[in-house]
Amino acid sequence: PPPHQTTNHPPPQPTATNPYTTTPPFIPINDIRGVETLGYTKPEKVLRCKLAACYRLIDLFGWTHGIFNHISGRVSQAEEQFLVNPFGMLYSEVTASTLVKVNVQGEVVDS
């Protein structure tokens, strides 16, 4: 039978040229639970989860190999505060609770 019809082949293994076959991350994206949730507004919790998911997708597609990558999210229109990943943390390790809130000057407001 043609190769695309065979059924006894093992699943594709991860390769440097095919990032879509990598194993999924085991670190949860939404790890804001319990008492931690009291410190965040509902919109900020949603933003944290979406931003952490974005970091994971960037890593999954292999777009982290350059040094000029940057992803951030503005916390609200009223305040000039942004969420960014902590320095030195891999994109595959970013979770909702590890994101750092900074102001326009880059000073940490909440970590």
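Aspartate 59 lies in helix H1 (helices are DSSP runs of H or I with at least four residues, strands are E runs of at least two, and both are numbered from the N terminus). At 30% relative accessibility, aspartate 59 counts as partly exposed, a label that sits between buried (under 20% relative accessible area) and exposed (over 50%), using a 1.4 Å probe and protein chains only. Keep in mind that this is a predicted model: local features need pLDDT of at least 70, side-chain atom pairs count only at pLDDT 80 or more, and totals for chains, interfaces and linings use all residues. Residues are numbered from 1 along each chain as its sequence is written, and side-chain values use heavy atoms, with hydrogens and water left out.

**Around aspartate 59**
- Leaving aside neighbours within four places in sequence, aspartate 59 is in contact with Thr64, Tyr91 and Ser92 (contact means heavy atoms within 4.5 Å).
- Aspartate 59 and serine 92 sit 33 residues apart in sequence, yet their C-alpha atoms are 6.0 Å apart in space.

**A tyrosine pair**
- Searching the whole structure turns up 2 aromatic pairs (rings of Phe, Tyr and Trp, the last by its six-membered ring, pair if their centres lie within 6.5 Å; planes under 30 degrees apart are stacked, over 60 edge-to-face, and the rest tilted).
- Tyrosine 55 and tyrosine 91 have ring centres 4.8 Å apart and planes at 90°, so this pair is edge-to-face.
- Tyrosine 55 is in helix H1 (residues 42-60) and tyrosine 91 is in the loop between strand S2 (81-84) and strand S3 (100-103), so the pair ties together parts 36 residues apart in sequence.
- Both tyrosine 55 and tyrosine 91 are buried.

- The whole structure has 2 salt bridges (a side-chain nitrogen of Lys or Arg within 4 Å of a carboxyl oxygen of Asp or Glu).
- Arginine 48 and glutamate 44 form a salt bridge through their side chains (3.1 Å, N to O).
- Glutamate 44 also meets lysine 101 in a salt bridge (3.2 Å, N to O).

**Lysine 101 and its strands**
- S2 and S3 run antiparallel and are joined by 4 bridges (strands pair if DSSP finds at least two bridges between them).
- Lysine 101 is the bridge partner of leucine 83, and lysine 101 also stands opposite aspartate 110 in S4.
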